[in-house]
Amino acid sequence: MKLKKWLSVLTAVVLLSTTFAFGSIANAENKASTIADESIYDLLVDRFFNGTGKNDDEQVNTKDPEMFAGGDFDGLVKKVDYIADMGYTILSIGSVFETKKYDGSMVTSYSALESHFGTEEEFQNMLHTYQNQDIKIMVDFPLSNVSPNHEWASEAGFVTSANDGKIQWDLTNTAVQDKLIESASQFVSKFGINGVRLTNIESADTAFLNRMIDTLKAGNSNVYVITNSESDANFDAKFYEDTANLFTNAFKNVDLDTGVLETHINEATSGTPVLSMTDTIWSDRFTLSSTEEEMYQPTRSKMSIASTLLLPGVPVVTYGSEIAMNGTAGAEAHQYYNFKTDSELVDYIGNLQTLLNDSDTLRSGEFKWIENDNGFMAFERKSDKEDWIVVINNSSKTKRVNLPVAEIGEGKEIRGMFDSEIIRANKDGNYTIILDREMVEVYQIIDARGINMSYIIALGLVVVIYTTFMIVVMKRGKKRRTEQVNNG
């Protein structure tokens, strides 16, 4: 028994020495409070998880994609660990105001919450639950295109037109502007919202939008304000209409042109952060495009999500992307979340974002392209504290990239974060990274650590003790068998 105990202790020593040898490679940094350091998980409350049936009624029908499905604030609370484990720092939950449609696109009020989603108390509890896990909550605030039954619809001069069963506010009317700003500010202040996405802003001028942004930030300077439309207003991050298509066309298959991504990527590193995504709540699913290419969906999902997270920009990942949710824009793309699917990609995202959340450098350090050629991308993120190399091989062949010692430096090691590969300078004066097809790896450049002697010694002791233990066990067994024969 003592030998077993010694064996356990020595095994623990080995594990501990391994931790000291490899676990400290990524030096954690304190994250700055800017949207450039965030990652957004975008969902619809109704389509995620039904936490309580008490707010379900005859309008809830999971078999009809156009009706409410039962998802609610309590469901978000019950799934907080699921989202937290993926490492997202902002949960965008769409519009939560009283609405005639499950996706919040037909709001009837800017103050009352949708009863199918839950009460104010349940909403507040949901907010606190996520904020306690350092996850910010962002909500949509539609500036127009609301239900004809909206509580302001009878206000003189407020409605300028009606299209597609919705009404449009006269956003040139100062009274309308003031009331929208007041409503959004009161909502953010009342509940302590961390972010607002202004939607349906097409008829709003820049001056009005800037006044709204300034007012929201006057109440809380840490509130993020973004939009889902192109605008010259002072939003915390820029949105471009073509971004999702560019990313989709780059990752729906292998060996595709990734050079088209450089315009927005380069801008994301030089000015206002740019929102990056392969699809949105309002678009066709990325999976639809990759399915048409007859590609293996788990791999496509992994490549697209990892690329969105790692390339410069503020990643916005639509719920269900990690389970290859499919469908055309609208109800078909808003499937009810299936939590019984394989969690491999969920775990992968969590591991990847652990690195991102621990390193400001990896998220927003100095950026430099090393290579970008038809799906094979390699780039560096660097600061005074850290130096990282990210390689994304979205091609059909194993690829290599040579990093000259003259650029990386003498006496360095390049260590892979996922497969623990250690790359040292070769006789040609290069650090050579080789990566299989359709793979992503994150490497950190560190000072060479040499051989971990404590690990080698501990490992040797374990082997010696284990061998001794087995010899003793065999001798005891032989002795018992001899005694049994003699006594028989």
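This is a predicted model: local features need pLDDT of at least 70, side-chain atom pairs count only at pLDDT 80 or more; totals for chains, interfaces and linings use all residues.

Q: How many aromatic pairs does the structure hold?
A: There are 28 aromatic pairs in the structure.

Q: Why is the pair of Phe-97 and Tyr-110 called edge-to-face?
A: The ring centres are 6.1 Å apart, and a pair requires centres within 6.5 Å. The angle between the planes is 90°, and planes over 60 degrees apart count as edge-to-face. The Phe-97 and Tyr-110 pair is therefore edge-to-face.

Q: What parts does the pair of Phe-97 and Tyr-110 tie together?
A: Both residues lie in the loop between β2 (90–92) and α4 (120–131), so the pair joins parts 13 residues apart in sequence.

Q: What makes Phe-97 and Tyr-110 buried?
A: Buried means under 20% relative accessible area. Phe-97 has 0% and Tyr-110 has 2%, so each counts as buried.

Q: Why is the pair of Trp-152 and Trp-169 called tilted?
A: The centres are 5.8 Å apart, which is within 6.5 Å.

Q: Where do Trp-152 and Trp-169 lie?
A: Trp-152 is in the loop between β3 (136–142) and β4 (159–163), and Trp-169 is in strand β5 (residues 166–169). The pair links distant parts of the chain, 17 residues apart.

Q: How do you know whether Trp-152 and Trp-169 are buried or exposed?
A: The relative accessible area is 5% for Trp-152 and 1% for Trp-169. Both values are under 20%, so both residues are buried.

Q: Which cluster do ring pairs build?
A: Ring pairs link a set of residues into a cluster, including Phe-97, Tyr-110, Trp-152 and Trp-169. Phe-68, Phe-141 and Phe-191 are also among them.

Q: Which rings does Lys-79 lie over?
A: The charged end of Lys-79 sits over the ring of Phe-49, 4.7 Å from its centre. Lys-79 also lies over the face of Phe-339, at 4.1 Å from the ring centre. Both distances are within the 6 Å limit.

Q: Why is Ala-112 called partly exposed?
A: Ala-112, found in the loop between β2 and α4, has a relative accessible area of 29%.

Q: What does Ala-112 touch, not counting residues up to four places away in sequence?
A: Ala-112 touches Phe-97 and Glu-98. The C-alpha atoms of Ala-112 and Phe-97 are separated by 5.8 Å, although the residues are 15 apart along the chain.

Note on methods:
Residues are numbered from 1 along each chain as its sequence is written. Side-chain values use heavy atoms; hydrogens and water are left out. Rings of Phe, Tyr and Trp (its six-membered ring) pair if their centres lie within 6.5 Å; planes under 30 degrees apart count as stacked, over 60 as edge-to-face and the rest as tilted. Helices (H or I, at least four residues) and strands (E, at least two) are DSSP runs, numbered from the N terminus. Buried means under 20% relative accessible area, exposed over 50%, partly exposed in between (1.4 Å probe, protein chains only). A charge sits over a ring if NZ of Lys or CZ of Arg is within 6 Å of the ring centre and within 35 degrees of the ring normal. Contact means heavy atoms within 4.5 Å.
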